[in-house]
Amino acid sequence: MKAIILFGHGARDARWREPFDRLASLWITQHPDTAVELAFLEMMQPSLEQAVASLSATGATEIVVVPVFFGQGGHLRNDFPVLLESCQKQFPNLRLSATPAVGEDLAVLQAIVDFSARALLP
């Protein structure tokens with residue numbers, strides 16, 4: 001069974017999480033046959049390890065982690081690979097992989113351009 005983890009940075013302010021919860025809800029509505037979990041690097045729960053454990057417990061055998069970051073900064077280049085490797089060691093029967101940061105995808109960048117252009121409309 002395939003599953004997905006939407007991975008964000010995390011923040012002290014609980015309201016920062018709201019768009020991530022909406023993103024997960026959209027995923028569930030549009031892809032109800034593929035389990036989704038949120039995970040955060042710091043300051044929020046669940047952690048990446050907790051999300052992997054949760055999906056593993058529900059029968060996931062392959063998990064794709066999608067970093068919901070604007071770019072491949074230090075956290076994604078340095079911290080994230082260590083976390084992913086640690087999860088892989090803890091769950092050797094799972095196939096874990098990751099995408100680049102969502103902000104590096106042309107469609108995401110175009111969506112931001114389109115959003116910005118709408119701000120100029122009367």
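Start by selecting Asp 21, which is partly exposed, with a relative accessible area of 31%. The model on screen is a predicted one.

**Other salt bridges**

By the rule used here, the count of salt bridges comes to four. Side chains of opposite charge can pair when their charged atoms come close. Select Asp 13 and Arg 15 next; their side chains meet in a salt bridge with 2.6 Å from N to O. Arg 15 counts as exposed because its relative accessibility, 57%, is over 50%. Asp 13, at 33%, counts as partly exposed.

Then go to helix α3 and pick Lys 89 and Glu 85, which both lie there, four residues apart, about one turn of the helix. The two form a salt bridge in which the closest N and O atoms are 3.3 Å apart. Lys 89 is exposed, with a relative accessible area of 62%, whereas Glu 85 counts as partly exposed at 46%.

**The whole chain**

Followed from the N terminus, the elements run β-α-β-α-β-α-β-α. The radius of gyration is 15 Å, close to the 14 Å that the globule rule gives for 122 residues, so the chain is as compact as a globular protein of that length. Along its principal axes the C-alpha trace spans about 55 × 35 × 30 Å.

Switch to a surface view. The accessible surface of the chain comes to about 7600 Å², and 59% of it belongs to carbon and sulfur atoms. Buried residues make up 30% of the 122 residues. Among contacts with a separation of 6 or more, 72% are between residues 24 or more positions apart.

**Aromatic pairs**

Return to side chains and colour the aromatic rings. The structure holds five aromatic pairs. One of them is Phe 7 with Phe 69, a stacked pair at 6.0 Å centre to centre with 25° between the planes. This pair links distant parts of the chain: Phe 7 is in strand β1 (residues 2-8), Phe 69 is in the loop between β3 (62-67) and α3 (74-90), and the two are 62 residues apart. Phe 7 is buried, with a relative accessible area of 1%. Phe 69 counts as buried too, at 13% relative accessibility.

Another pair to select is Trp 16 and Phe 40, which is edge-to-face, 6.2 Å centre to centre and 65° between the planes. Here again distant parts of the chain are linked: Trp 16 sits in the loop between β1 and α1 (18-30), and Phe 40 sits in strand β2 (residues 35-40), 24 residues away. Trp 16 is partly exposed, with a relative accessible area of 31%, while Phe 40 counts as buried at 1%.

**The loop between β2 and α2**

Move to Met 43, found in the loop between β2 and α2. Most residues other than glycine have a negative phi, and most peptide bonds are trans. Met 43 has a positive phi of about 70° although it is not a glycine. At 42% relative accessibility, Met 43 counts as partly exposed.

Continue to Pro 46, whose place is also in the loop between β2 and α2 (48-57). The peptide bond from Gln 45 to Pro 46 is cis, with omega near 5°.

**Thr 99**

Select Thr 99, in the loop between β4 (95-98) and α4. Which residues does Thr 99 touch, not counting those up to four places away in sequence? They are Val 64, Val 65, Val 66 and Pro 67. Thr 99 counts as partly exposed at 30% relative accessibility.

**A nonpolar patch**

For the last stop, select Phe 70, Leu 106, Leu 109 and Ile 112, which make a nonpolar surface patch of about 410 Å². Ile 112 has its place in helix α4 (residues 106-119). Ile 112 is partly exposed, with a relative accessible area of 36%.

Technical notes. Residues numbered from 1 in each chain as written. Predicted model: local features only at pLDDT ≥ 70, side-chain atom pairs only at ≥ 80, totals over all residues. Heavy atoms only, no water. Patch = residues over 30% accessible without salt bridge, like charges linked within 9 Å, V, L, I, M, F, W, Y side chains within 5 Å. Areas by Shrake-Rupley, 256 points an atom, 1.4 Å probe, with all protein chains shown as cover. Buried < 20%, exposed > 50% of the residue type's maximum accessible area, 1.4 Å probe, protein only. Phe/Tyr/Trp six-rings, centres within 6.5 Å; stacked < 30°, edge-to-face > 60°. Contact = heavy atoms within 4.5 Å. Rg over C-alpha atoms; globule rule 2.2 N^0.38 Å.
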